[in-house]
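Biologist: Before we look at anything in detail, could you show me the model and take me through how its annotated positions, its burial and its helix packing are to be read?

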Amino acid sequence: ALGLRNKSLLRLADISDEQMLGLVDFAIALKARKRAGEHLQNPLLKGRNICLVFQKSSTRTRCATVVAVRDEGGNAEYLGQSDIHFGKKESVKDSARVLGRLFDGILFRGFAHSIVEELAENAGVPVWNGLTDEWHPTQILADLQTIKEHFGILKGLKLAFVGDGRNNVCNSLMIGCAKAGIDVVDVCPPELSPDPAVLAMAEAAAARHGSTVSVSHDPAAGVRGANILYTDVWVSMGEEAVFQERLQLLRPFQVNMDLVRATGNLDSGRVMFLHCLPAFHDNSTDVSKTTGALEVTDDVFEAPFSKVFDEAENRMHTIKAMILSSLA
Ligand code: CP
Ligand code: NVA
């Protein structure tokens with residue numbers, strides 16, 4: 001019904017606003033369906049085989065996909081970096097043609113976005129992007145579901161992304177919010193400002209809804225009026241070499257209670273905190289303890305207005321919605 005049958009999903013920019021919002025609503029319905037146990041009576045992926053080709057680590061995306069597929073009676077096969085020849089002994093193109101003969105769909109996580117494009121061009125079956133250096137579309141579907149469940153609406157809200165203003169999550173979030181009519185502000189140091197091309201794409205989408213896309217280098221001023229405060233790690237997978245530099249640049253952009261108060265929406269309860277996870281918060285890992293890489297403090301992470309675990313669960317419902325829309 002969404003017009004996504006046999007289609008790949010590599011970027012939110014590649015589907016219509018209606019299709020994106022339709023996937024979010026479908027995920028909300030699938031969540032209720034699972035709660036009622038209805039998927040057990042009528043599994044929708046019986047006899048279907050899905051593979052996960054992952055070049056980077058994952059907890060949520062991997063497990064969400066495996067559970068989504070198995071919930072619906074399908075089979076999910078995880079293929080990690082060292083399990084297959086992909087991109088080493090065998091080209092991406094040849095791997096795509098082989099996997100496409102065997103599997104009904106491929107979820108990919110890896111480095112350059114051009115790899116997932118090459119996979120999709122050659123596989124002959126739907127390919128879904130489970131994160132590349134540039135984009136993380138399935139994350140944002142879950143974010144939009146979580147926001148809609150919490151506020152009952154999307155259009156008209158304001159989201160502030162605070163941190164590395166040009167990473168995969170931020171890029172996809174700007175596009176996804178703009179397509180949903182959510183005002184979005186990218187709050188980041190000048191050095192980590194968004195790619196002008198991404199900004200232009202988001203602005204074009206926002207123009208359809210009369211919403212706004214902006215960039216701010218002043219944390220307190222930038223988050224003013226925000227209903228959703230969103231952050232991500234300061235150093236993404238594959239960027240380990242710039243760890244120290246990022247710490248210096250991003251310390252003033254930590255999400256703490258002062259920043260939540262600066263939204264002006266804490267007292268009215270019109271604010272929520274989201275994070276794609278994994279997160280560095282107080283003493284959450286040895287890395288956060290020894291380096292002080294803390295994009296969010298515990299008083300925010302553990303607050304009642306933090307919905308990060310609803311958001312993590314929703315990865316499963318939204319990935320299920322995406323796969324079913326392509327295959328069922
Ligand atoms: N948010 C997210 O993509 O988490 P994983 O890296 O654990 O998949
Ligand atoms: N920006 C992070 C997101 C992890 C889900 C990364 O790419 O490592």
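Modeller: Let us begin with the annotation, where UniProt positions are given in the numbering used here and may be inferred rather than shown by experiment. Please also keep in mind that this is a predicted model.

Biologist: Which residues does UniProt list for "binding site"?

Modeller: The unreviewed UniProt entry lists Asn168, Asp232, Ser236 and Met237 under that heading. These positions are spread over 70 residues of sequence, yet they cluster in space, the largest C-alpha distance among them being 11.6 Å.

Biologist: Is Asn168 buried or exposed?

Modeller: The general idea is to count C-beta atoms within 10 Å of the residue's own, a residue being buried if there are 20 or more others and exposed if there are 12 or fewer. Asn168 has 22 such neighbours and therefore counts as buried. Asn168 is found in helix α7, which covers residues 168-180, and, if residues up to four places away in sequence are not counted, Asn168 touches Leu131, Thr132, Asp133, Glu134, Trp135, His136 and Ser236.

Biologist: Where is the place of Met237, and with which residues is Met237 in contact?

Modeller: Met237 sits in the loop between β8 (228-231) and α10 (243-250), and it is partly exposed because 17 other C-beta atoms lie within 10 Å. Leaving aside its neighbours within four places in sequence, Met237 is in contact with Lys56 and Ser57.

Biologist: How should I read the packing of two helices, and at what angle do the axes of α1 and α14 cross?

Modeller: One reads the approach of the fitted axes together with the angle between their N-to-C directions, where 65 to 115 degrees counts as roughly perpendicular. The axes of α1 (residues 17-35) and α14 (residues 308-327) come within 8 Å and cross at roughly 115 degrees, and the two helices are therefore roughly perpendicular to each other. Their crossing is right-handed.

Biologist: Which residues make the contact?

Modeller: From α1 the contact is made by Leu23, Phe26, Ala27, Leu30 and Lys31, and from α14 by Asn314, His317, Thr318, Lys320, Ala321, Met322 and Ser325.

Note on methods. Residues numbered from 1 in each chain as written. Chains lettered and ligands numbered in written order. Predicted model: local features only at pLDDT ≥ 70, side-chain atom pairs only at ≥ 80, totals over all residues. Axes fitted to C-alpha atoms, helices over the stretch in contact; angles between N-to-C directions. Helix = DSSP H or I, 4+ residues; strand = E, 2+ residues; numbered from the N terminus. Parallel < 35°, antiparallel > 145°, perpendicular 65-115°, else oblique. Left-handed = near helix turned anticlockwise from the far one by under 90°. Contact = placed C-beta atoms within 7 Å.
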